[in-house]
Protein chains: 2
Amino acid sequence: MRRKTLMETLKEGLLPEALCKAAAEEGLDPERVAEEVVAGRAVFPLGLTRVVRRPCVIGGGTRVKVNANIGTSADYPDPNDEIRKLEAAVEAGADAVMDLSTGGDLRKVRTAIANRSPLPLGTVPIYEAAIRAQREKGSIVAMEEEEIFEVIEDHCASGVDFITVHCGVTMSVLEVLRANPRVAGIVSRGGAFMAGWMLHHERENPLYENFDRLLDVARRYEVTLSLGDGLRPGCVEDASDPAQLAELVVLGGLVRRCREAGVQCMVEGPGHVPLHQVEANVRIAKEVTGGAPFYVLGPLVTDVAAGHDHVAAAVGGAIAALAGADFLCYVTPREHLGLPTPEDVREGVIITRIAAHAADLARGVPGARRWDLEMSRARKALDWEAQLSLALDRKKAESLFRERQVEGETACTMCGDFCAMRFIARYLGSEETGTC
Amino acid sequence: MRRKTLMETLKEGLLPEALCKAAAEEGLDPERVAEEVVAGRAVFPLGLTRVVRRPCVIGGGTRVKVNANIGTSADYPDPNDEIRKLEAAVEAGADAVMDLSTGGDLRKVRTAIANRSPLPLGTVPIYEAAIRAQREKGSIVAMEEEEIFEVIEDHCASGVDFITVHCGVTMSVLEVLRANPRVAGIVSRGGAFMAGWMLHHERENPLYENFDRLLDVARRYEVTLSLGDGLRPGCVEDASDPAQLAELVVLGGLVRRCREAGVQCMVEGPGHVPLHQVEANVRIAKEVTGGAPFYVLGPLVTDVAAGHDHVAAAVGGAIAALAGADFLCYVTPREHLGLPTPEDVREGVIITRIAAHAADLARGVPGARRWDLEMSRARKALDWEAQLSLALDRKKAESLFRERQVEGETACTMCGDFCAMRFIARYLGSEETGTC
């Protein structure tokens with residue numbers, strides 16, 4: 001008899017302790033959260049093969065989560081660098097990490113991260129399959145279908161909680177792409193590897209064709225599938241184009257198959273999207289996928305912000321999350337320019353958390369409003385210790401404050417004696433004092 | 001006979017060269033822009049008493065503009081620091097600056113900035129009136145009505161192009177505030193000084209009561225009035241509250257009086273506004289003010305981002321600008337923590353320009369789309385020199401790129417040999433090559 005998946009267990013009314021704990025930490029009713037997982041509107045990525053100290057629920061009205069992508073490249077293959085990035089991501093408050101390594105000993109890096117990560121860990125197994133083929137046979141397209149599945153199973157068996165699989169890049173979707181040329185073509189690395197393989201071999205996407213096999217692996221290891229958008233737009237000009245939408249329709253169909261199989265899944269989304277199309281993109285994706293958790297990379301609302309792409313992504317991410325996106329993949333300041341450093345990782349997580357929290361506040365997520373309220377009360381009271389403690393990034397706030405502060409000053413150095421709040425308090429009370 | 005104001009001149013069909021030039025630089029038809037100024041939906045802040053090398057049109061479908069606030073405080077009174085900030089703002093691409101000095105010799109700082117600024121210059125004269133009263137009579141509320149007008153006239157006569165006047169803080173608006181207490185009370189410095197004065201003296205706002213006198217000064221010097229929102233919300237909890245809206249209604253009435261008097265005006269807006277209320281705030285303000293140019297400070301979409309408030313403001317600013325805001329006042333990373341440094345000013349301008357440009361792109365402002373398109377083509381071609389040249393912040397992009405780049409590598413260090421765009425180009429062409 002097959003083991004029961006989390007979705008099947010929950011359907012029977014059993015509530016695993018880890019899920020109860022994760023729900024309770026967010027001030028949510030575990031049974032309500034369980035219903036969302038059963039309906040496929042939330043996921044709880046927690047594979048069977050590793051202990052995850054801080055698992056979390058994604059979607060279903062929970063707090064918007066933040067993922068940090070780390071991992072080596074050929075130019076920077078040192079696993080120790082990636083451990084430092086993992087630590088930076090955890091310290092900055094990421095909810096999940098993905099190891100996207102493409103350099104050095106991939107298995108070694110992944111295992112090192114898996115062993116040390118208190119957070120759910122995601123990977124993109126096709127990278128390893130492609131890189132192995134490149135190294136061993138001299139070409140990415142030399143990878144064989146069986147090898148792709150071997151790598152997927154190896155990842156699932158060694159501590160991974162969710163995997164990105166580019167199943168939506170089908171032959172018919174590539175036909176739509178051919179008929180509607182793009183400025184930036186394919187920018188998803190996994191999507192590009194898969195499309196290149198398909199076009200070279202003139203064969204259908206093996207992960208699409210053998211989706212049941214993928215479901216079987218996911219079931220056995222309780223690994224959540226993150227249905228990648230291999231055709232996500234790589235520039236604002238390409239956003240919301242026929243190829244992107246054609247792939248989304250395929251992903252919508254695969255979401256249904258995941259649910260029927262009791263496999264948890266989420267759907268990945270853009271990418272680069274101009275400001276006025278962000279909300280529509282999220283709403284359409286939610287509609288087409290029956291409300292599956294939506295995991296966006298950005299979206300970046302302009303292409304010209306290199307060096308500040310984390311901010312371009314925070315703008316898009318906040319709007320996306322308000323419109324219903326559940327999981328924000330961070331972007332670092334070094335996006336489009338190079339492999340991030342630990343400091344870039346920290347900055348990327350912090351800025352993405354600001355976007356996520358702004359959406360939580362607007363969506364009425366439990367606890368979000370209270371945080372801002374406490375900060376505002378501390379600010380009104382000119383209570384600097386409380387303000388710094390309540391800052392989402394205390395380290396940065398404290399450093400900027402101390403750098404300019406003047407001994408004996410109670411207000412900040414912007415207004416000093418002419419602090420509006422201190423001045424007007426003599427004439428108007430506040431909510432707190434009730435003397436208004 | 002009174003001199004004709006810009007609005008009156010334009011109404012007669014005369015087009016000043018400076019306006020033609022400013023419109024043409026944006027790729028806009030000067031006559032269309034002139035119509036917008038006549039209708040009061042755009043302003044061209046260009047006082048009579050100084051040469052402004054780079055004046056600009058704000059509103060009326062032009063590019064979203066960015067203002068940088070500079071100025072001394074009691075703790076940092078050195079005028080030279082402010083000149084360095086002016087230079088930083090200009091170099092980073094600000095469209096206007098405001099001198100908000102409250103420390104040292106205020107006239108000296110203002111004159112130094114006016115003499116050196118190639119950009120339109122704004123001030124908040126009530127600061128100087130209040131500070132003088134504090135220094136000379138020991139109390140802000142000791143300032144006299146006549147002194148307020150003297151300072152206003154002095155500013156207008158010495159090179160200022162627009163002034164913020166807190167005319168909307170009326171007795172009846174303060175009654176609304178009393179009846180609906182806030183968490184953060186009044187956080188606008190000018191609003192607080194005015195409200196404190198009114199409550200102390202139990203007298204109506206002199207700038208409201210003598211609005212015709214203000215209009216007369218503005219006419220004589222062709223100074224644009226920026227109708228300040230003295231009751232702008234200072235935390236997300238206070239956003240869109242009765243006091244804020246009551247003041248907005250008053251400002252709407254004053255906009256009509258400005259138009260009747262041929263005086264250019266814009267309207268200032270929040271502040272701190274949660275994500276889901278930003279668009280509504282802008283649309284209501286535009287409606288109530290008959291489409292007057294809307295000048296927002298932020299809005300910050302959360303209160304807990306201290307150290308990164310420029311990002312919280314960029315999120316709100318981008319959404320506000322998409323909804324119709326015309327002029328974004330930057331926020332620096334040091335907001336709520338201290339007086340900004342030149343480096344903070346640079347960062348604030350850059351990040352605010354990203355928000356403004358994202359909105360321009362979405363609003364279809366001429367030229368905005370082409371910029372992103374050129375960047376994306378350069379990115380696709382892995383043309384690094386072009387990418388760095390097209391970056392909104394070349395300095396930062398170049399530094400991040402060079403820091404990690406490896407000799408001889410054509411792709412960036414994130415993907416190296418596994419660059420998706422380079423790989424897929426073998427199998428798919430691109431829009432450019434037409435081989436798709």
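**Salt bridges and chain symmetry in a predicted model**

**View 1. A salt bridge joins Asp154(A) to Arg107(A).** In this predicted model, the closest N and O atoms of Asp154(A) and Arg107(A) are 2.7 Å apart, a salt bridge being a side-chain nitrogen of Lys or Arg within 4 Å of a carboxyl oxygen of Asp or Glu. The pair links distant parts of the chain, with Asp154(A) in helix α7 (residues 145–157) of chain A and Arg107(A) in helix α5 (residues 106–116) of chain A, 47 residues apart; helices (H or I, at least four residues) are DSSP runs, numbered from the N terminus. Asp154(A) is buried, at a relative accessible area of 18%, whereas Arg107(A) is partly exposed, at 38%, where buried means under 20% relative accessible area, exposed over 50%, and partly exposed in between (1.4 Å probe, protein chains only).

**View 2. Asp154(A) and Arg107(A) belong to a network of salt bridges.** The network also links Arg110(A), Glu128(A) and Arg132(A). Over all chains, the count of salt bridges comes to 66.

**View 3. Arg402(A) and Glu398(A) pair within helix α18 of chain A.** Their closest N and O atoms lie 3.1 Å apart in a salt bridge, and the two residues, four apart in helix α18 (residues 394–404), are separated by about one helical turn. Both side chains are partly exposed, Arg402(A) with a relative accessibility of 46% and Glu398(A) with 23%.

**View 4. Glu175(B) and Arg178(B) meet in a salt bridge in chain B.** The N to O distance is 3.7 Å, and both residues lie in helix α8 (residues 171–179) of chain B, three residues apart, which is about one turn of the helix. Glu175(B) is partly exposed at 46% relative accessibility, and Arg178(B) is likewise partly exposed at 32%.

**View 5. A two-fold axis relates chain A and chain B.** The same surface serves both copies, since 100% of the contact residues of chain A recur in chain B, contact meaning heavy atoms within 4.5 Å.

**Notes.** Residues are numbered from 1 along each chain as its sequence is written, and chains are lettered from A in the order in which they are written. Local features need pLDDT of at least 70 and side-chain atom pairs count only at pLDDT 80 or more, while totals for chains, interfaces and linings use all residues; side-chain values use heavy atoms, with hydrogens and water left out.

Terms used: Copies are superposed by least squares on the C-alpha atoms of residues with pLDDT of at least 70 in both.
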